[in-house]
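Hi there,

Here is the structure I promised to hand over.

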Amino acid sequence: MQAESVLTGGEGAGTRAESLSWTVRLSDSAPHKKWVVLAAAVIAGVSGAVLLGQVLLGFLGFAMILASTAEYWLGVRYKIGEVSAERRCGLSLSAIEFVDVKRVVVEGADILLSPLNEATRMDAFRGVVLKSTPANREQVMEAVKARVGDDVRFLG
């Protein structure tokens with residue numbers, strides 16, 4: 001996992017809270033697996049083109065494999081700003097404003113910022129999961145605690 005933390009703002013910035021951003025790239029812990037993903041994408045592309053007789057379908061198979069594994073080889077960029085937390089992977093962006101956070105669930109390196117009061121089966125589709133690293137876990141937790149309201153429940 002690669003983690004780069006960047007703090008902006010600070011004491012000289014008046015009442016503005018510091019911004020925290022970092023990147024987690026799962027492929028950094030096992031770089032040889034990127035070649036397996038690429039090989040699977042090429043096999044899907046060639047198989048689609050040969051078996052279906054359409055180059056376009058082969059390209060779609062190739063693109064679908066790469067798109068579905070983008071979190072692995074592109075990495076995920078996280079940002080905790082003044083008013084919101086963001087998770088970005090490629091073109092995908094998930095964000096939640098801190099005023100909307102009702103519950104914070106901590107499970108290992110994952111910190112779920114949920115807009116739901118109670119745990120439901122919709123948890124997987126609501127909120128933003130921040131994946132911290134061992135190097136920045138305490139810093140991320142402090143940033144979250146400083147920004148959410150006093151009525152927010154912390155679980156885990």
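Below is what turned up, starting with the chain as a whole and then going through the strands and helices.

A word on conventions before the findings. This is a predicted model, in which local features need pLDDT of at least 70 and side-chain atom pairs count only at pLDDT 80 or more, while totals for chains, interfaces and linings use all residues. Residues are numbered from 1 along each chain as its sequence is written, and side-chain values use heavy atoms, with hydrogens and water left out.

**The chain overall**

Along the sequence they follow the pattern β-β-α-α-α-β-β-β-β-β-β-α-β. The accessible surface comes to about 9,600 Å², and carbon and sulfur atoms hold 59% of that (Shrake-Rupley method, 1.4 Å probe; for residues, only the protein chains shown count as cover). Among the contacts with a separation of 6 or more, 47% link residues 24 or more positions apart; a contact means heavy atoms within 4.5 Å.

Leu20 stands opposite Ile80 in E3. On its other listed pairing, strand E3 (residues 76-80) runs antiparallel to strand E4 (residues 84-89), with four bridges. Here Ile80 stands opposite Ala85 in E4, and three residues lie between the two strands of this hairpin.

In a regular strand the side chains alternate between the two faces of the sheet. E3 shows a covered face made of Val76, Tyr78 and Ile80, and an uncovered one with Arg77 and Lys79.

E4 is in turn joined to strand E5 (residues 92-97) by six bridges, again antiparallel. Ala85 stands opposite Ile96 in E5. The hairpin of E4 and E5 has two residues between the strands, and Gly90 takes a positive phi near 60 degrees.

**The open sheet**

Four strands make up an open sheet of mixed pairing, in the order E8-E7-E6-E9. Its edge strands, each pairing on one side only, are E8 (128-131) and E9 (153-155). From one strand to the next, the twist averages 20 degrees.

Strand E6 (residues 103-107) is mostly covered, with four of its five residues buried. E6 and E7 run antiparallel and are joined by five bridges, with Glu107 opposite Asp110 in E7. These two strands form a hairpin with two residues between them, and Gly108 in the turn has a positive phi of about 65 degrees. E6 also pairs with E9, this time in parallel, through three bridges; the bridge partner of Val105 in E9 is Leu155. Strand E7 (residues 110-114) pairs with E8 in the antiparallel sense over four bridges, and Leu112 has Val129 as its bridge partner in E8.

**The helix pair**

How do H1 and H2 cross? The axes of helix H1 (residues 33-52) and helix H2 (residues 55-68) come within 7 Å and cross at roughly 160 degrees. The axes are lines fitted to C-alpha atoms over the stretch in contact, and angles run from 0 to 180 degrees between N-to-C directions. H1 and H2 are therefore roughly antiparallel to each other, a label given to angles over 145 degrees. The crossing of H1 past H2 is right-handed, that is, the near helix is turned clockwise from the far one by less than a right angle.

The residues of H1 that meet H2 include Val37, Ala41, Ala44, Gly45, Gly48 and Leu52. On the H2 side, the residues include Val55, Gly58, Gly61, Phe62 and Ile65.

Best wishes, and enjoy looking through the model!

How values were computed. Pairing = 2+ DSSP bridges. Parallel < 35°, antiparallel > 145°, perpendicular 65-115°, else oblique. Buried < 20%, exposed > 50% of the residue type's maximum accessible area, 1.4 Å probe, protein only.
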